[in-house]
Amino acid sequence: TRVVGVYPQGVKLSVRVTFSDSSSVEVGLEHLWTARYRRGGRAWADVVLTTEQVRDWPQGRGQLYLPMLSAPVEFEPRLAPPFPPYALGYLIANGALQSSVTVSTHSDDVAEVRSRFVGEGLDAGPIRPCAGLASRFSVRGVTKQMRLLGIDVKSRYKRVPRAALLESPAYRQDLLQGLLDGDGSCSATGNRLTYSTTSAGLADDVRELVEGLGGVASVKRYERADGEVNYSVRLRLPVWVEPFSVRRKSSRYVPGNRARPCRTFLSFEHVRYVEQVCIAVAAEDQLYVTERCLLTHNTVQALGALDARVPVLVVCPASVKGVWRDHVLAPELGGLGWRPDFVPVVVERFRWPRPGELVVTNYERLPSGAGEKSGPVARRDELG
């Protein structure tokens with residue numbers, strides 16, 4: 001979505017907000033969030049709250065949930081994909097890629113996997129049985145491409161090529177299927193998905209891939225008895241993403257409602273004092289996607305809704321009184337923040353505004369009984 005306004009806020013305290021899937025983002029106390037909760041434990045209700053209000057949300061009112069992506073993230077179109085997606089994912093997961101390219105897999109899966117490689121235009125050799133339940137086949141004519149993609153390395157150093165993570169949603173879904181058909185698993189309950197790897201970088205790449213498709217993922221580090229380190233990516237996928245294509249795994253995946261992606265607010269940590277800005281975006285729902293594919297709220301554009309024929313009283317934290325005045329006056333903000341039909345007045349001693357005047361005061365200056373005199377007065381939990 002297009003950014004249509006940028007509003008400097010000065011130096012303020014920042015807060016690290018962490019969510020239930022271990023994702024986090026650094027924001028200000030006055031930053032806005034759209035959240036959902038079950039009102040009275042029943043019907044869903046949406047609220048728009050500041051970071052401070054979310055932090056102080058009463059436990060008895062129910063858990064606050066962050067909205068999730070309604071579709072995969074889309075990036076700018078690229079000229080050509082770096083490699084067929086399913087094959088790339090499977091080779092990263094289960095390929096021997098140094099001197100020649102060989103795929104090893106479970107014997108029950110090998111025919112299906114080889115068929116996917118052939119379907120993507122690759123020259124797959126005949127299937128050969130190995131020890132135990134394993135089988136393998138070679139892929140001819142791609143050794144140089146493996147080297148150019150940087151994946152002809154030992155397992156602990158494998159990564160998903162950056163270009164592949166920026167491809168179309170359809171490409172990335174096939175890529176994820178290849179990875180999960182190779183090294184993914186589904187729990188006995190049919191709803192817990194896990195990807196295992198010895199590469200810390202690859203674990204982060206899988207997490208990023210899942211989040212960009214609308215899911216959630218968290219990475220856990222485990223030390224094995226032999227001293228080696230494994231990384232387990234626990235993931236939840238939206239309804240539009242099928243994790244597996246091989247029947248042995250897809251038949252076990254039976255996700256219930258609680259197996260779908262969700263994020264709840266977990267913790268709030270004061271980080272530092274830093275220069276901050278608020279942004280306004282063009283999205284109709286006033287939401288935009290920030291790091292870790294978190295959905296967060298647009299700056300409230302209250303100025304655009306004000307009627308200059310009536311007096312306007314703004315009651316806000318003392319720290320942002322000057323921001324209101326500056327946004328009314330600033331011509332560089334154009335129609336979004338500049339209101340030449342208003343006279344902005346920041347008061348230290350409370351008085352009522354006149355028509356065409358915008359008086360800005362803070363909560364502490366508002367006299368008792370002001371609400372009875374003026375009708376509804378916007379309090380802190382309504383302003384954002």
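Modeller: Happy to! D174 is partly exposed, because its relative accessible area is 28%, which falls between the 20% limit for buried and the 50% limit for exposed. In this predicted model, D174 forms a salt bridge with R116, and their closest N and O atoms are 3.8 Å apart. The pair links distant parts of the chain, with D174 in helix α6 (residues 169-183) and R116 in helix α3 (residues 110-119), 58 residues apart. R116 also counts as partly exposed, at 23% relative accessibility.

Let's turn to E228, whose side chain meets that of R156 in a salt bridge (3.7 Å, N to O). Here both partners lie in loops: E228 in the one between β13 and β14, and R156 in the one between α4 (143-149) and α5 (162-165). They are 72 residues apart, so this pair too links distant parts of the chain. E228 counts as partly exposed at 32% relative accessibility, and R156 is partly exposed as well, with a relative accessible area of 44%. Salt bridges can also share partners, and in this way D21, R207, E211, R263 and R292 are joined into one network.

The side chains of E26 and R16 meet in a salt bridge, at 3.6 Å from N to O. E26 is in strand β2 (residues 24-28) and R16 in strand β1, ten residues apart. Relative accessibility is 23% for E26, which counts as partly exposed, and R16 is partly exposed with a relative accessible area of 24%. Over the whole structure there are 22 salt bridges.

Strand β1 (residues 3-19) is also the place of V6. V6 is partly exposed, with a relative accessible area of 43%, and together with V3 and V277 it forms a nonpolar patch on the surface, about 240 Å² of accessible area in total.

Strands β3 (32-39), β5 (65-66), β13 (216-223) and β14 (229-236) each supply at least two lining residues. By class, the lining of this pocket has twelve nonpolar, four polar and eight charged residues.

Technical notes. Residues are numbered from 1 along each chain as its sequence is written. This is a predicted model: local features need pLDDT of at least 70, side-chain atom pairs count only at pLDDT 80 or more; totals for chains, interfaces and linings use all residues. Side-chain values use heavy atoms; hydrogens and water are left out. Patches are made of residues with over 30% relative accessible area and no salt bridge: like charges are joined within 9 Å, nonpolar side chains (Val, Leu, Ile, Met, Phe, Trp, Tyr) within 5 Å. Accessible areas come from the Shrake-Rupley method with a 1.4 Å probe; for residues, only the protein chains shown count as cover. A salt bridge is a side-chain nitrogen of Lys or Arg within 4 Å of a carboxyl oxygen of Asp or Glu. Helices (H or I, at least four residues) and strands (E, at least two) are DSSP runs, numbered from the N terminus. Buried means under 20% relative accessible area, exposed over 50%, partly exposed in between (1.4 Å probe, protein chains only). Ala, Val, Leu, Ile, Met, Phe, Trp, Tyr, Cys and Pro count as nonpolar, Asp, Glu, Lys and Arg as charged, and the others, Gly among them, as polar.
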